[in-house]
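Here's a quick tour of a predicted model. Have the sequence and the 3D view open as you read.

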Amino acid sequence: MFPERFSNLPAYAFPRLRSLVDAHAPGGAVLHMTIGEPTHPFPDWVGDVVAEHAHEFGRYPPNEGTIELRQAICDWTQRRYGVTLEPERHVMALNGTREGLYNAMMALCPEEKAGGRPVVLLPNPFYQVYMVAALSVGAEPVLLPATPETGHLPDFGAVPEAVLERTAVVYLCSPSNPQGAVASDAYWRDLIGLAERYDFRIFADECYSEIYRGTPPAGALNVAHVMGADPERVAIFHSLSKRSNLPGLRSGFVAAGPQSMARIKQLRNYAGAPLPLPLQRVAERVWADEAHVEENRRLYAEKYALADSILGDVPGYVSPEAGFFLWLPVEDGEAAALKLWCETGVRVLPGAYLSREVAGHNPGQGFIRVALVAPKDEMARGLGALRDCLYA
């Protein structure tokens, strides 16, 4: 009586971690470096905006987001990427980006491609919602290794032509979670060129785009616009969770071509949950403010420098280009996470929990993911304990 399509999904990463470590006592003061839950301050006026608009909890919110919020998003994409979007045709507010990444597949993936089951290409490691979305529409997920050998991004040029012919959607996260790799302008050009040639869509998960060191990461929408690609070719997904340290606000957006957006909005009419109006009012203000984002980047830059100073001479250490995770090489991710917990109380995530085995190999097996979200002094303690425990 239950569907088979989800029967081979592994346990989600964090329940797996609890099963691994919670039967053991921590070997020191507990420090969580697992989940990417930002702890830097969000703008201090957020609560005032909620209070000012609290009476709007008594109203149903507009399905696609208020016009003011959608205009604020369009203004931000113009400033950030130089791309002009229309709030009525190109943008929809999301109740958390995960909703959009999942439901866009429901709305846009065809039932058949090139006479067969459609393919969805995913990086491996990957954000787990990509896999579930592909399975939900009966598509075939094809995982592409994103390893040190490929620059921690998939090598789409190595995908066989027969697979590309059946490809309907590609998910790509840039800056990537967990490795912090950034897709360059040239990388996006190559991928969008393949999408034009083989007629597939790109779902660009850009939730970490505003946490970077140096040059702002290229955006898929901007590159597609400059190339003159089909406007329906790319859908981008952004969030206030990482940019503005507001994961509990559950506010993001999807932007795409007008035909794609019409279908996404139509599905949302039946199967979505729009953000409450007071929270949309907060999001309007937050997208319009860059001062707190610049301060956020400054704080992460300090943490990048701290990690480099403590771990920089560890063999295989790669300082992330962007995002707030370290992807650290170890012999075995589960064994390393358990040892670290039992000896120091520092909690990290085995890399294998974020990836899947393909042809007998799990590309995350020899890594752990470490979140740089705790206060700087706690980060120093945790990274020092990690180095002494795993790399001494």
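## The largest pocket

The largest pocket holds about 620 Å³ of space. Its lining runs to 28 residues, with Tyr-12, Gly-36, Tyr-127, Tyr-208 and Lys-242 lying nearest the centre.

## Salt bridges

The count comes to 22 salt bridges. In one of them, the side chains of Arg-166 and Glu-140 meet at 3.1 Å, N to O. Arg-166 sits in helix 6 (residues 161–166) and Glu-140 in strand 4 (residues 140–145), so this pair ties together parts that are 26 residues apart in sequence. Arg-166 is partly exposed, at 22% relative accessible area, and Glu-140 is partly exposed too, at 26%.

Asp-199 and Arg-233 also pair up, again at 3.1 Å, N to O. They link distant parts of the chain, 34 residues apart, and each sits in a loop. Asp-199 is partly exposed at 47%, while Arg-233 is buried at 7%.

Then there's Arg-281 with Glu-284, whose closest N and O atoms are 3.0 Å apart. Both residues are buried. They're three residues apart in helix 11 (residues 277–287), so about one helical turn separates them. Both belong to a salt-bridge network that also takes in Glu-56, Arg-59 and Glu-68.

An open sheet of three strands runs in the order 9-12-11, with antiparallel pairing. Strand 9 (325–329) and strand 11 (349–350) are the edges, each pairing on one side only. Strands 11 and 12 (residues 367–371) pair over two bridges, and Leu-349 stands opposite Arg-369 in strand 12.

Terms used: Residues numbered from 1 in each chain as written. Predicted model: local features only at pLDDT ≥ 70, side-chain atom pairs only at ≥ 80, totals over all residues. Heavy atoms only, no water. Pairing = 2+ DSSP bridges. Helix = DSSP H or I, 4+ residues; strand = E, 2+ residues; numbered from the N terminus. 1 Å grid on protein atoms, 1.4 Å probe; cavity = no way out; pocket = protein on both sides within 12 Å on 5 of 7 lines; lining within 4 Å. Points joined across faces, edges and corners; volume = space filled by probe spheres on them. Salt bridge = Lys/Arg side-chain N within 4 Å of Asp/Glu carboxyl O. Buried < 20%, exposed > 50% of the residue type's maximum accessible area, 1.4 Å probe, protein only.
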